[in-house]
Amino acid sequence: MHAVVSLVLAFLVLPTLVVVPASLNHASFIQIPPTMLSGRWYREFFADPEWLASLGSSLKVAALATSLSLVLGTTAALGLERLHGAWRTLLSGLFLAPLVVPAIVLAVALYYVARPLGLAGTTAGLALGHTLMCLPYVIVNVGVSLRTLDASLERAAAGLGASPWRIFRTVTLPCIAPGLAGGAVFAAITSFDELIISIFLAGVRTQTLPVKLWETIRVEFTPVVAVAASVIIAVSLFGFAVQRLRSRRIFRTRAEANAVA
Amino acid sequence: MPSLSFRDLHKRFGATTAVRPTTLDVAAGEFLTLLGPSGSGKSTLLSLAAGHLAPTSGRILIGARDVTDLPPRLRNIGMVFQDYALFPNLNVFENVAYGLRARHCAAADIARRASAALAAVQLEGYGRRAILELSGGQRQRVALARALVIEPDVLLLDEPLGALDRQLRRQVQLEIRRLHRKFGHTTVFVTHDQEEALVLSDRIAIMRDGQIEQVGTAETLYETPINTFVAGFLGDSNLIEGTVRAIVRDTAELAVADLGAALFGAAGTGVAVGRRAALLVRPEFIRLDEGLAPGLPGTVEEVVYLGDVAAIKSRLSSGAEIWCRRPAGLGRPAGTQVSIGWAGGAGRVLAVAADTREAPR
C-alpha cells in the first residue's frame, strides 16, 4: 500500500522537481543528476536584464490581475449571493466558464479583441486577459465565505443605524477576508504561471517569465531555463504556503471559538 | 419612551400566511412577551417591527411616527438576537460602540456612553476582550449593552435566552428584568418558554398559527384563558373534553362520554350548546381522596418525584388524564383507587381551539 502511494507521489511530483537539481548543476547543458553543484546559472539568471525584465513583468501583471479580479470577483460573488433560481445558475455558470473553456480558445478570442483595441502587447491587455482566468477562483473562494457569513450580523448592524456601505466595510468585508485571501493567492499563482494567453497577448517588452522561458527553450537548451522554472515553482509554493498557514490559523481560531461556546 | 403599535399587520410568503392581520398596542414602557410554539409567527412579527421584513399590508407605529416604510437603520430600535450576532472581528467595547459610531457621535461621548452601558450590564473592564473569550451569558449581556447604548425607542428581544443553559437563563432573565426596571424601555420579547414569559412580562400575547389568540396579564391568561390552546400553553392544565349540554346563566353543563356524571364550570367565550368544549381545572385545585369521598373515580397511574413535590397522574374512567401535585412524602402510590374532585368554581368550560396539535402540557 505504502509502496503504491509512494510510486504515485513520485509520478506526480518528481517530473516537476527534476528542474531544481538541473538548475544547480555546473555543466553548461542540462544534465540529471547533476555532476557538480553550483549557483552559476542562478547568477547568470539574476544578472541577465532580459530574464529580470520578464520576472518583473510577470510580477506586475500578476499584481494587476489579482487586484482587478479581487474587486470584480468580490462584487460578482456578492451579487450572485443575492440572486436565486435560474438567474443564479446561469450567471455563476458564465463566471466560472474560463475554468472549462480551453485556454487556447480564450487566447485566440482575446487576441482578436485586444488587437483592434490596441491592448495586444501591453501590460494592461495581459492583466485583463489574466483577470478572466483569475476571476473564477476569487468568485468561488469569496462565495464560500459569504455562505458561512451569519446573516443576522448584517441585520444587527443595520438595526444599529449603519448604512449599507458601513455594513459592508465593518462587517461583511472583515468576515469574508479569509475567502479574499484564498482567492488572491490562487489568482496570483494562476496569473504568474499562465502561458497560453500570455503567448498571444505579450509583446516584446511585456514578455512574462513563462513566455520568455518558452521562447528560450525553443532556441537553446540552457540550464538558465531550469533556473527560471525553479523560480516559478518557488513563487507558487510560497503563495500556496501562505494560503495554507492562513487557513490553518483561521481553522484554529474557529476551533477555539467553538470550545468556548 | 414611545409606544409601539401594529395596525392590521399582515405578512404572507407566497401562498403561506406567516402573520394574519394583527393589531396590537404595546404601551410606552411596557414589557410585552410574544409567547407561542415555533412557527406561530412571533419571530416574523418581531422582524416586521425591526424592519428586516416588509409587511404585505398594515402599518407599524412607534409613538405617532409611522415607521412602516423606514429601513431598519432609521427606526431607532434596539434588537437582541438569539445567536447574539456580535461582530466577531471587533472587541467588546467596539461592539457596544458600533451604533454610536454609525451615528457619528464624538469620540469622548462614545467612550463615556459605551463604558456606562458595559457597567449597566456588569461588564466593566471587559472592553478590550475579544468576543471569542466570553462565555455565552457574557456575550448575551454585551448584546444587551449594544442594543441599549443607542437609547432606542423600542427594544426587541428575539429568544435571547434560547442558547443559554438553564442556570444561566435564570441569571440573564433577572438581568433583563433589572434593566427594564431601570431604563423602562418599551420592550417586545419573543419566547416559547412560559417561565420566561411569567418572570419578565407586564403582559403576554399568546400566538398560534400566525395570530394572537389572547393578550393579557399573566393572571388574566392563567385564570380566564380564552380557549384550550391558551390554557395549555400557559401553566399546567387538566382538560376534560365533552359536549355542552346546557348553559344556565354563566354556568355550562358538559356531558363527557364514559364518565357517568355531568361536569359544570363557568362558561368561557365561544362556548355554545351542542358544541365541543373542555373543562379546565388547574392542578392546584385538584383533590385526591382515598375511599368513598365524593368525586369522580379514578386510578393513580404515575408518581413523578420532583424534589419538594411529587406530580401525580391519575386517569378518569373517561380516559382523561388528571395531573396534580402533592408534597413529596404525601404522594399516593401508582395503582391506588382514588376519588378525584375540585372546589366548586375552580372549573372553567372553554372552547376547544381548532387543531391543538402543538399544545404542550
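1. The lining of the second largest cavity comprises six nonpolar, two polar and two charged residues, where Ala, Val, Leu, Ile, Met, Phe, Trp, Tyr, Cys and Pro count as nonpolar, Asp, Glu, Lys and Arg as charged, and the others, Gly among them, as polar. From chain A the lining takes A:Arg155, A:Ala156, A:Gly159 and A:Leu160, and from chain B it takes B:Ile77, B:Gly78, B:Met79, B:Phe81, B:Arg146 and B:Ala147.

2. This is a predicted model, in which local features need pLDDT of at least 70 and side-chain atom pairs count only at pLDDT 80 or more, while totals for chains, interfaces and linings use all residues. Residues are numbered from 1 along each chain as its sequence is written, chains are lettered from A and ligands numbered from 1 in the order in which they are written, and side-chain values use heavy atoms, with hydrogens and water left out.

3. The second largest cavity holds about 60 Å³ of space, a cavity being a set of points, on a 1 Å grid over the protein atoms alone, where a 1.4 Å probe fits but cannot get out, with lining residues having an atom within 4 Å of a point. Grid points are joined across faces, edges and corners, and the volume is the space filled by probe spheres set on the points. At least two lining residues each come from helix 8 of chain A and from strand 6 (77-80) and helix 4 of chain B; helices (H or I, at least four residues) and strands (E, at least two) are DSSP runs, numbered from the N terminus.

4. Among the residues that line the largest cavity are B:Phe31, B:His180, B:His185 and B:Thr187. Helix 4 (136-148), strand 7 (154-158) and helix 5 (166-183) of chain B each give two or more residues to this lining, with helix 5 of chain B providing the largest share, three residues. By class, the lining of the largest cavity has seven nonpolar, three polar and no charged residues.

5. The contact (heavy atoms within 4.5 Å) takes 23 residues from chain A and 23 residues from chain B. Together the two chains bury about 1800 Å², 65% of it on carbon and sulfur atoms, where buried area is the accessible area (1.4 Å probe) lost on putting two parts together, summed over both. On the side of chain A that touches chain B, helix 8 (151-159), helix 9 (164-192) and helix 12 (223-260) of chain A each give two or more residues.

Conventions:
1 Å grid on protein atoms, 1.4 Å probe; cavity = no way out; pocket = protein on both sides within 12 Å on 5 of 7 lines; lining within 4 Å.
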